[in-house]
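Work through the exercises below with the model open beside you. Try each task before reading its solution.

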Amino acid sequence: MEGIAYENPLYLAEEAAALDLLSDQRVALGISRGSPEPADQGWESFGYSDSDDAKAANMARDKFARFLSAIRGDEIAPADPMQFGPDRKLRVEPHSPGLDQRVWWGAGTAATAEWAAAQGVNMMSSTLLTEATGASFGELQRDQIDRYRAAWKSAGHDWTPRVSVSRSIFPITTNLDDLYFGRRSDGQGDQIGIIDGTRSTFGKTYAGEPDELIEALKADPAVEAADTVLLTIPSQLGVDYNLHILESFASYVAPALGWQPNTSGPVTGSTM
């Protein structure tokens, strides 16, 4: 996930296209406004001081629009008339056709999900929403997904997008799993907190025996509606243990939710 607020959008477009071409067009790039601003007017430290409303969210949307235009091959920069003749413009190079259909916007609200649909990009929804209505996290996220797909259909885009949701999921299959997660999972649910002055909902952690997780995730309305589930895992526990978490989920939980390995072919979005 790339926070774009302080990025140069044209340079990012150049880097993304180059990486996409080098990887045989397999890049899936997640972009968002970035994490809540930890510094007071931190944008000034990055040289951005000419905006009347230099909030990270507003800066990010403006730069994202320019980034999308660049990776879609729009001609942006005026060309040197001595080399190219009068009234010519240049696109960012290299250019990787189709990259824009593998860009995801990290949406934190239902309104932002509708905005992402209008831009014609895939939608990611994390373990945090800057909304709190009394509904469960899964219900809030399901509303976000439904509104995204309705907005996509209204926009008339000619391809099928993907929607992903993130979850903290820990199958307990060993004594070490139980030590890390099982003994503190009882009674854990969604949490309400304040982010950037806004009441926000944090999704709960799923930890339990595989059969318990399967039933709980099947009852999660957002997991049921999404095309892809991304696992949020604790990087501080190291690569080997994280691999164990992923293998346990893939072996004991994911197949019951309809997951298939990538050898079965590329993932596609739900027909709308």
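**Exercise 1. Find what the side chain of Asp227 reaches, and at what distances.**

Step 1. The side chain of Asp227 reaches the backbone nitrogen of Val163 at 2.7 Å. That is a value from a predicted model, in which local features need pLDDT of at least 70, side-chain atom pairs count only at pLDDT 80 or more, and totals for chains, interfaces and linings use all residues. Residues are numbered from 1 along each chain as its sequence is written, and side-chain values use heavy atoms, with hydrogens and water left out.

Step 2. The side chain of Asp227 also makes a polar contact with the side chain of Arg149, at 3.4 Å. A polar contact is a pair of N or O atoms within 3.5 Å; within protein, one must be able to donate a hydrogen and the other to accept it, and residues adjacent in sequence count only if both atoms are side-chain atoms.

Step 3. Asp227 sits in the loop between α8 (221-225) and β12 (228-231). Helices (H or I, at least four residues) and strands (E, at least two) are DSSP runs, numbered from the N terminus.

Step 4. Neighbours within four places in sequence aside, Asp227 is in contact with Arg149, Pro161, Arg162, Val163, Thr268, Gly269 and Ser270.

**Exercise 2. Sort the residues of α7 into buried and exposed, then identify what covers the buried ones.**

Step 1. Buried means under 20% relative accessible area, exposed over 50%, and partly exposed in between (1.4 Å probe, protein chains only).

Step 2. Pro210, Leu213, Ile214 and Leu217 are the buried residues of α7. Seen down the helix axis, they fall within an arc of 105°, so they line one face of α7. The arc is that of the directions from the helix axis to the C-beta atoms.

Step 3. Recall the helical repeat. An α-helix has 3.6 residues a turn, so residues three or four places apart point the same way.

Step 4. Turn to the face away from the buried side. There α7 carries the exposed residues Asp211, Glu212 and Glu215. Asp211 counts as exposed because its relative accessibility is 59%.

Step 5. Look for the cover. The buried residues of α7 are covered by elements including β8 (163-171), β11 (205-208), α8 and α9.

**Exercise 3. Describe how α7 and α9 pack.**

Step 1. The axes of α7 and helix α9 (residues 239-253) come within 10 Å and cross at roughly 75°. Axes are lines fitted to C-alpha atoms, for helices over the stretch in contact, and angles run from 0 to 180 degrees between N-to-C directions.

Step 2. Classify the angle. The two helices, α7 and α9, are therefore roughly perpendicular to each other; that class runs from 65 to 115 degrees, with under 35 roughly parallel, over 145 roughly antiparallel and the rest oblique.

Step 3. List the contact residues. Pro210, Leu213, Ile214 and Leu217 of α7 meet Phe249, Tyr252 and Val253 of α9.

Step 4. Check a C-alpha pair. Asp211 and Val253 are 42 residues apart along the chain, and their C-alpha atoms are separated by 7.5 Å.

Step 5. Ser248 counts as buried because its relative accessibility is 4%. Not counting residues up to four places away in sequence, Ser248 touches Pro171, Thr173 and Val253.

Technical notes:
Contact = heavy atoms within 4.5 Å.
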